[in-house]
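Please consider the model shown below. The paragraphs that follow lead through its ligand shells, its helices and one of its loops.

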Amino acid sequence: MVNFAMVSRLIIQLCLAAAIAESVVAIEWKPNLPDTEQFPLGSYVYEQNCQVCHGPRGDGRGELAETLQPKPRSFRRGVFKYGSTPPGKLPTNDDLERVVRNGLAGTNMGIFGDRLNANEIRAVTEYIKSFSRKWRDPKNHAPPVTVPSAPSWWNDPSAQVEHASAGARIFAVSCASCHGDKGDGNGIAAATLRDQWNDPIRPGNLLSPLLHSGNEPKDLHRVLLTGIGGTPMVSFAELLTVEQRWDVIAHVVALRNAALADAEKKEDEP
Ligand code: HEC
Ligand code: HEC
């Protein structure tokens, strides 16, 4: 027989389980507010290594900045390009550290992984947060987006060809005006694009061997969810379904593989 006491105990248990599940999520993610204890070391590292380009006040106007394209980032608006968080949210510490460690191929943002140790990189990325008030408000922080796992057809070559041709049709409509039919970044709108800092910006060359956001299919999918902050590359999280996103990624991967094979053939020629 089910009596009132049993039902209410069950309800309490369910509530407890829900509360525990929620607190697990809460424990895993914390907003990465500025860690001011890191500022003394961070400001030293910044002066020695970053200031020439990013400027003493973090406004991107260092001595070397004038002639660079793209321009060094201004840290004063708290807008970043290569984050793993939803559009409009600040990047995670990992995102910032990755950029400083690996640099941004094809730009003047160099590789610091061989010059600075992990503590120095940690400290300087905290120090960057001192330039914008946005970092102090937890509302501007969010956990990274969850990239859906690859569909079952991904490892089946003939299915991938089919999905890539569906993806080619989506690409022609949604991407080619900027990235060009071939994905080389020369679409009809490419020359006119500007970023939030009002500087001209080129759409990424999707055939580049080193994409800034990473080369793996899951990296491509993440960019389609996050967009690229401060640029006309918006999030496609709402504009395309998850199936359409994987299809268009299959097409981009096919374009990249073809370009890579071409480059290798040229190298082999006498
Ligand atoms: C020689 C010039 C130069 C130096 C030195 C330099 N940077 Fe940069 N940095 C750039 C440029 C240019 C960009 C913009 C690249 C782009 O927009 O794609 C950039 C972008 C960045 C970004 C933005 C990434 C994003 O997601 O938007 C961070 C963070 C950064 N630099 C940190 C640093 C730190 C920390 C140092 C010192 C350890 C440093 N940079 C030194 C030129 C430089
Ligand atoms: C309105 C123009 C525009 C459209 C439309 C557009 N992009 Fe972009 N995209 C850009 C710009 C600009 C960048 C480069 C930002 C940067 O890194 O400086 C970019 C960057 C990217 C990158 C990252 C490249 C890297 O080096 O990490 C990927 C991947 C990408 N786009 C894929 C797509 C796909 C797929 C579509 C269609 C579903 C699309 N884009 C539609 C403008 C656009």
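Which helices each supply at least two residues of the shell around ligand 1? They are α3 (51-54), α4 (93-102) and α5 (118-128); helices (H or I, at least four residues) and strands (E, at least two) are DSSP runs, numbered from the N terminus. The model is predicted, so that local features need pLDDT of at least 70 and side-chain atom pairs count only at pLDDT 80 or more, while totals for chains, interfaces and linings use all residues. Residues are numbered from 1 along each chain as its sequence is written, and chains are lettered from A and ligands numbered from 1 in the order in which they are written.

The chain as a whole has nine helices and zero strands, and its pattern along the sequence is α-α-α-α-α-α-α-α-α. Of its 270 residues, 27% are buried; a residue is buried if 20 or more other C-beta atoms lie within 10 Å of its own, exposed if 12 or fewer, and partly exposed in between, with C-beta atoms placed from the backbone. Among contacts with a separation of 6 or more, 62% join residues 24 or more positions apart, a contact being a pair of residues whose C-beta atoms, placed from the backbone, lie within 7 Å.

Around ligand 1 there are 25 residues, of which C50, C53, K81, Y82 and M109 are the closest; a residue is near a molecule if its C-beta atom, placed from the backbone, lies within 6 Å of it. This shell comprises 18 nonpolar, five polar and two charged residues. In this classification, Ala, Val, Leu, Ile, Met, Phe, Trp, Tyr, Cys and Pro count as nonpolar, Asp, Glu, Lys and Arg as charged, and the others, Gly among them, as polar. One contributor to the shell, α5, is mostly covered, with eight of its 11 residues buried. These are I121, R122, A123, V124, T125, E126, Y127 and I128, and their cover includes α2 (39-49) and α4.

Within α8, the residues L220, H221, V223, L224, L225 and T226 are buried, and α9 is part of what covers them. After α8 comes G227, whose phi is positive, near 70°.

The loop between α7 (176-179) and α8 (217-226) holds A189. Is A189 buried, exposed or partly exposed? A189 is partly exposed because 13 other C-beta atoms lie within 10 Å. Apart from its neighbours within four places in sequence, A189 is in contact with S177 and C178. The C-alpha atoms of A189 and S177 are 5.6 Å apart, although the two residues are separated by 12 residues in sequence.

Finally, α6 (residues 157-174) packs against α9 at an angle of about 100°, their axes being 7 Å apart; axes are lines fitted to C-alpha atoms, for helices over the stretch in contact, and angles run from 0 to 180 degrees between N-to-C directions. The two helices are therefore roughly perpendicular, the term for angles of 65 to 115 degrees. On the α6 side, the contact is made by Q160, H163, A164, A166, G167, A168, I170 and F171, and on the α9 side by Q244, W246, D247, V248, I249, A250, H251 and A254. By class, the contact consists of 10 nonpolar, five polar and one charged residue.

Definitions and conventions. Two residues are in contact if their C-beta atoms, placed from the backbone, lie within 7 Å. Angles under 35 degrees count as roughly parallel, over 145 as roughly antiparallel, 65 to 115 as roughly perpendicular and the rest as oblique.
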